[in-house]
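Morning, everyone. Please have the sequence and the 3D view open while I talk.

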Amino acid sequence: MGIVVRGAAAVLAAGLLATMPAPAMAQPSPAQAAAAVDFDIPPLPLDQAITRFAVQSRLQIVAPGDLTANRRSPGVRGVLAPSAALDRLLAGTGLVARFTDTATATLVAAPAAGGTATGADIVTLGAVTVDGRTAAPLETAWSPVDGFVATRSATGTKTDLPLIETPQTINVITRDQIDAQAAQTIGDALRYTAGVTKVQGFNRTDDAVNIRGFQSSASNLFRDGTRQQYNVYDGMAEPYALERIEVLKGPASVLYGQSAPGGVINLVTKRPKFASFGEVEVEGGNFRRKQAATDFGGNLDAAGTWSYRLTALARDSDTMVDYIPDNRLFVAPSLAWRPTADTTLTFLGNYMKSKTVYNYGYPTQGTVLANPNGQIATSRFIGEPDYNKWDRTSRSIGYLFEHRFDEVWQVRQNFRYADYKNDYADVAFLAWQPGMRSITRSAYSRFDQSQNIALDNQAQADISTGPIRHTLLAGLDWNNWQWGRTQYSGTLGPLDLYNPVYGSAVRMGFTPVTSTRATGSQIGLYAQDNLKIFDRLILQIGGRQDWVDQSNKNRLANVTAKQDDAAFTWRAGALYAFDSGVSPYVSYAESFAPATGTTYGGAAFQPTTGQQYEAGVKFEPRGLNASFTASVFDLKQQNVATPDLAHPGFSVQAGEVRSKGVELQAVASLTDRLDLVGAYTYTDAKVSKSNGADLGRRPAGVPQQMASLWLDYTIRDGMLAGLGFGGGGRYVGATWNTANNAQAPSYTVADALIRYDIGQVGLSLNAINLFDRDYVEACTYACFYGDRRTVIARLKYRW
């Protein structure tokens, strides 16, 4: 065990070592006889390189004061003795290492030619010690994050870069934040994120959200950088399976191809660790909730070449709406192979079976508009208990491959195959009967089946040209999807929403009303350069060409419609990183999405397009684990279909939707006891060009203002060490329905947490909507209540 050198002792040791004369003949350092280590450290700022070296070598490095500031290491790779590796790491930095024992080295200024280091070469204030034997694993763009504050992401560039150096807004919700706030869906996890709202309120069938005023469709949801699904009804993701959830704001077609202009959501899967770990937890709550989950893994061989992970969950639960269950079985095995420090191949599997019912929503009268009979109960079910169902099964398998050839070149390939099946039966309301107590209803049932294949190939080069360091990326991705639907319609009796009596017979037709099969493929070729000039000015430029082929076959009429689209998109950005941690930036980005339909003349619609101008400031204060972002944006979607005034019944692509706004986001660990998540959003969204009655209307479910704040405090010492409290509030402004003739009022709800961690055992109690606020979260074609008070108690054991 080496001697731990800290504080004044570090300074004294550094000074004594630096003033010792160099011997005439080099003597072996205490670490030269140590076992060789397979090092993998790319060119980095010296402080980051030293931290990685300490972790990989398991040595302790003492760096006096700011000696490593504004210096860059060339990196080191290969199987080397630690002392030899450290010499290479420090080459050209003006520093050398002096070993005091087999486990400790101190960095000092290199002596002038023919001379020796003197006390003048050493900064004697604030020595920094990096102990690789106890250092936490370094954060990467895909790794776990300790706490709420993430510092790196690949969602915005497809490369592992600091968030503070990315000239576009990216929000990261970490595993710790998901757990602390007891998020049950992706929409729940984004409740404290600026600019994001759920399209509907209570919902257990899909993850649709609005981002910056635009609905994020199924094609905007990604899993580990590849598209998760094309059909919104293919399913919801299980939050327990995720390491982090990341939101890239604004158009993102330059990296991901066709997508809505508001932004994309990337779900980062839990991956195997090359160390043993595990947890098991059980939950209980109101609505007769019962859930058990486990997440464990470790190495499969002594050398740590193979590792595994298994994440699983089972839930049996009712919900706030009568006769709507929330039952789920989820299993996700994964296996990683790391033959060298330069190569990793990770296999990821996923199986999920869900049983629930679609929440169709309620009429405006009785929710946001007056009804002579009063308000419709938030627990009211408008279907038939023995008829409605949403039985969905999803399966996927894929891999993530990465290999580094040298200090310049590395390649990655990500592949995913997914299969979805959904057996769905639902009841829709049609209209009020006289007196506004009972509604007429219709029934329909359908079976959906989808298969998606996604493949993304990337080549990255890290090179320097004088004072400019380039992170070059080139890629080719391919997506293929097939989707089929068969739907039947039926009739049933009316229902009194104020005193329901269920049991109406549902009479379904014998022949389908819809039988459709859709297929498509997308090929995208993209390139990007991230330039860092004098370690201060960062420029980003990228472009992409996409080719999209789609066909839609009406199997009833035996008619097939085909459409081929091509689009070029690009983006550019600039950011300046000040020493203070302040980084102002500007950026421009584009998107596209294929549009179905034809003009009066028979010409196929062109893709809709999106353009965004964004400016902002990112701030990561020195010495504080915190991230602050302030941004303004101007976002347009063009080529939107609008009525053709010259040819009634047809459309032209002369419409436009515009969204402008301000977003503020703060995530901070203010002390080792207190964490904070805060957000504010102002969004001015409207239909800016149209030939129809929707001109000037606000998009459905988009509030003008939102604000939220979450605080989390943990007692670290004393008899109550491990006891923690959390709480937050969420304000959402008023929103309009699709027709803009009914408004959901603004609302404020509170959430709370109390927990107690005793060693390996953790107890927690969450309350979402603590005061059981009765509110309408959004109205589109119907109105949807927000989640009523949900209480979840959890007992967790970790090893």
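Where is Tyr 323 found? Tyr 323 sits in the loop between β21 (306-316) and β22 (327-340). A quick word on those labels: helices (H or I, at least four residues) and strands (E, at least two) are DSSP runs, numbered from the N terminus.

Now the ground rules. This is a predicted model, where local features need pLDDT of at least 70 and side-chain atom pairs count only at pLDDT 80 or more, while totals for chains, interfaces and linings use all residues. Residues are numbered from 1 along each chain as its sequence is written, and side-chain values use heavy atoms, with hydrogens and water left out.

Back to Tyr 323. Its phi is positive, about 70 degrees, although Tyr 323 is not a glycine. Most residues other than glycine have a negative phi.

Asp 224 lies in the loop between β15 (221-223) and β16 (226-227). With a relative accessible area of 11%, Asp 224 is buried.

Which residue forms a salt bridge with Asp 224? That is Arg 271, and the closest N and O atoms are 3.7 Å apart. A salt bridge here is a side-chain nitrogen of Lys or Arg within 4 Å of a carboxyl oxygen of Asp or Glu. Arg 271 is in the loop between β18 (263-269) and β19, so the pair ties together parts that are 47 residues apart in sequence. Arg 271 counts as buried, at 18% relative accessibility.

Let's stay with charge. Side chains of opposite charge can pair when their charged atoms come close. How many salt bridges does the structure hold? There are 46. One of them joins the side chains of Glu 614 and Arg 212, at 3.1 Å, N to O. Glu 614 lies in strand β34 (residues 608-619) and Arg 212 in the loop between β13 (209-211) and β14 (214-216), so this pair ties together parts that are 402 residues apart in sequence. Both Glu 614 and Arg 212 are buried.

Another salt bridge links Asp 546 and Arg 544, with the closest N and O atoms 2.7 Å apart. Asp 546 is buried, with a relative accessible area of 0%. Arg 544 is buried as well, at 0%. There is also a network built from salt bridges that share partners, and its members include Arg 175, Glu 281, Arg 289 and Lys 796.

Next, Asp 634 in strand β35 (residues 625-643). Its side chain makes a polar contact with the side chain of Arg 658, at 2.5 Å. A polar contact is a pair of N or O atoms within 3.5 Å; within protein, one must be able to donate a hydrogen and the other to accept it, and residues adjacent in sequence count only if both atoms are side-chain atoms.

Now the nonpolar side. In soluble globular proteins, nonpolar side chains tend to be buried together. How many residues does the largest nonpolar core have? It has 30, and those with the most contacts inside it include Val 321, Ile 382 and Val 776. The elements giving two or more residues are β25 (409-432), β26 (438-465), β44 and β45. β25 gives the most, with 4 residues. Apart from this core lies another, of 24 residues, among them Ala 49, Ile 61, Leu 80 and Ala 85. A nonpolar core means a set of buried Ala, Val, Leu, Ile, Met, Phe, Trp, Tyr and Cys residues joined through side-chain atoms within 4.5 Å.

Look at Ile 382 for a moment. Leaving aside neighbours within four places in sequence, Ile 382 is in contact (heavy atoms within 4.5 Å) with residues including Tyr 360, Val 427, Phe 429 and Leu 497.

Last stop, Thr 780. Thr 780 is in the loop between β44 (776-779) and β45 (783-785). At 14% relative accessibility, Thr 780 counts as buried. Beyond neighbours within four places in sequence, Thr 780 is in contact with Val 199, Ala 700, Asn 737 and Thr 738.

How values were computed
Buried means under 20% relative accessible area, exposed over 50%, partly exposed in between (1.4 Å probe, protein chains only).
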